[in-house]
Amino acid sequence: MHFKYFAKDKNLNLSMRFNDDNHLFFKVMFLLFSVGLLACDHQDESTEKKVFYINLDQGLTSLDPAFSRNQNVLWMTNQVFNGLVQIDDSLNIKPCVAKSWEISTDGKTYTFHLRKDVFFQDDDLFENGKGRRAVASDFNYSFSRIIDPKIASSGAWIFNDKLSGKEAFIAPNDSTFIIQLNKAFPPFLSMLSAQYCSVVPFEVADHYGKEFRTHPVGTGPFKFKYWKEGEVLVLLKNENYFEKDSAGNSLPYLDAVKATFIPDKQTAFMEFLRKKLDYFNGIDGSYRDDILTKSGKMVAKYKGKFHLRKAPYLDTEYLGMLVDSNLAIVKKSPLKYRKVRQAINYAINRERLVKYLRNSVGIPGTSGFVPDGMPGFSKEAVKGYHYDLEKARQLLREAGFPNGKGMAEITLSTTTSYKDLIEFIQGELSNVGIKAKIEVNQSASLREVIAKRQVNFFRGSWIADYADAEIYLSMFYSKNYVPIGPNYTSFNNREFDRLYEQMSLYRNEKERFKLYQKMDQIVMNEAPVVVLFYDESVNLYQNNISGLSANAQNLLVLKRVKKD
């Protein structure tokens, strides 16, 4: 992959692109700039500048919200950009650039009324270099850009099959923005909270084209300053940000955000212990025991030194099984039998898996496919599977495979990162006579063969892009099977499809949740998946940090963070 380094400094008014003629000059300038950054670090305490230090171990591919498909891009674009709506810590939809909205009685027309005090961050491409007001036509442009094949945004799916094209976006005046859907889709408002749906200025995005990824301009609480890919990213406080706290104080409280890109999590954790980082996300298996007990508590040596927070994360970790007997790969597979799939579900001790392999990070998946933390989740309404060896053996007998006799060996495909977990499952299955072979793949290769329905049994995870259970249930809708939909198990159930297609009739949230629970129960009964656990986010932060958001999407929100 080739990365083009591009940065713009308004004081020097130059573009930093290296060639043979100016290579030495730019090296000197870059060295001076780096020293300046370090000097700023040392001046933080004396000048009382509040800089939030974070590490992005997986790197950063873009700062263009049209390509916010992974966690680090989501986190950083969330600081620079805003959308019509946003979520709170309870995943409720709240106003953002849109101060209010109405939905037509048929559920197809969304009318948003925009704030008049939202301005883009300053940029040379604006008149006099001052950011102009964000208006309805900007949303028209931004959403049309998402569905433009030439842009090839990874967020185009948000609008797929929901509207006829760019003409569905209407801006009758600066303060009114209308979206016209082809048919009602109740989760649509939740989908609009995704970072893909951020507003961008047409003159800047058009001018930079693909390089908008390195020259982002939005309306968010922080503005872009500097990015040297793989080394450092700097965002500065947006002094003109429109949101205020409950006391009327302007947000954000922080003066800057500085991100590093240390790829090794253990090295980054050592930087956190040295207080060089304010925040640390996730705990790698190689040093999990050093931080957490098997019960998921912080070990004694770290108590009081920093904060550790565990919270539900909208991520279902599961095993998927192909169930369509019309597929050649399934015809000779024992997984085509429902009772075999149910037996596998009963054979796995999820509590033991979570406790000993994950130090109790995660919630055993004994309910449905929809994870804990999702609005409408109910462990009482949806019954999944608990550990029951006798029940597993009984089902195998009923399927014609007593103690696994006569049952062909099954292959379970996974990646290196999850090999220990899959080896545990291999041992669990052997306890009831099921022989399983493990096949380890590269992540990209496994995703490809799963999408093409070329593996019978695989480990997968499904992370929510928006806070509505529909995103999980869409994996089992038969029409999402062809050609490249998310129905990776080839599940096809008429009653499930009937309920899924009724979803548009349920405007009332509580009634829709009940519908979701019925659908989820059908999936559990038919068992095309084994729900292993609902993931949890683990965040570490220094004792002088407060105001961090704790939402089940693990979305980093820094506008209310304080650093004492």
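Select Asp520 first. Beyond its sequence neighbours up to four places away, Asp520 touches Gly368, Phe369, Val370, Val382 and Leu473. The model you have open is predicted. Asp520 sits in helix α16, residues 509-526. Now look for a charged partner. Asp520 is buried, yet has no salt bridge. The nearest side chain of opposite charge belongs to Arg350, 12 Å away.

**The cores**

Next, select Phe112, Phe143, Ile179 and Leu192. In the largest nonpolar core, which has 111 residues, these four touch the most other members. Which helix gives the most to this core? It is α16, with seven residues. That is the helix that holds Asp520.

Centre on Leu192. Its contacts, leaving out residues up to four places away in sequence, are Leu84, Val85, Phe112, Phe143, Phe159, Ile179 and Cys197. Another core lies apart from the largest one and has 32 residues. Ala343, Leu395, Leu412 and Phe533 are among its members.

The buried ones are Val340, Arg341, Gln342, Ala343, Ile344, Asn345, Tyr346 and Ala347.

**The rings**

Show the aromatic side chains. The whole structure holds 40 aromatic pairs. Zoom to Tyr110 and Phe112, a stacked pair with centres 6.4 Å apart and 20° between the planes. Are these two residues buried or exposed? Both Tyr110 and Phe112 are buried. Then widen the selection to Trp101, Tyr110, Phe112, Phe139, Phe143, Phe159, Phe169, Phe177 and Phe188, which ring pairs link into a cluster.

Move to Arg133, in the loop between β7 (109-114) and α3 (136-147). The side chain of Arg133 makes a polar contact with that of Ser175, at 2.8 Å. Leaving out residues up to four places away in sequence, Arg133 touches Arg115, Lys116, Val118, Phe119, Phe120, Asp138, Asp174 and Ser175. For a sense of scale, draw a line from Arg133 to Tyr418. The C-alpha atoms are 48 Å apart, and the two residues are 285 apart in sequence.

**The salt bridges**

A search of the whole structure finds 25 salt bridges. Select Arg132 and Glu203: they form one, with the closest N and O atoms 2.8 Å apart. This pair links distant parts of the chain, 71 residues apart. Arg132 is in the loop between β7 and α3, and Glu203 is in helix α5, residues 202-208. Arg132 is partly exposed, at 22% relative accessible area.

Go to helix α11, residues 389-398. Glu390 and Arg393 meet there in a salt bridge of 3.0 Å, N to O. Glu390 is exposed at 51% relative accessibility, while Arg393 is partly exposed at 22%.

Now take helix α12, residues 419-430. The side chains of Lys419 and Glu423 form a salt bridge of 2.5 Å, N to O. These residues are four apart, again separated by about one helical turn. Lys419 is partly exposed at 33% relative accessible area, and Glu423 is partly exposed at 38%.

Finish by selecting Arg132, Asp138 and Glu203. Salt bridges that share partners join these three into one network.

Definitions and conventions: Residues are numbered from 1 along each chain as its sequence is written. This is a predicted model: local features need pLDDT of at least 70, side-chain atom pairs count only at pLDDT 80 or more; totals for chains, interfaces and linings use all residues. Side-chain values use heavy atoms; hydrogens and water are left out. Helices (H or I, at least four residues) and strands (E, at least two) are DSSP runs, numbered from the N terminus. Contact means heavy atoms within 4.5 Å. A polar contact is a pair of N or O atoms within 3.5 Å; within protein, one must be able to donate a hydrogen and the other to accept it, and residues adjacent in sequence count only if both atoms are side-chain atoms. Buried means under 20% relative accessible area, exposed over 50%, partly exposed in between (1.4 Å probe, protein chains only). Lys and Arg count as positive and Asp and Glu as negative; His and the chain ends are not counted. A salt bridge is a side-chain nitrogen of Lys or Arg within 4 Å of a carboxyl oxygen of Asp or Glu. A nonpolar core is a set of buried Ala, Val, Leu, Ile, Met, Phe, Trp, Tyr and Cys residues joined through side-chain atoms within 4.5 Å. Rings of Phe, Tyr and Trp (its six-membered ring) pair if their centres lie within 6.5 Å; planes under 30 degrees apart count as stacked, over 60 as edge-to-face and the rest as tilted.
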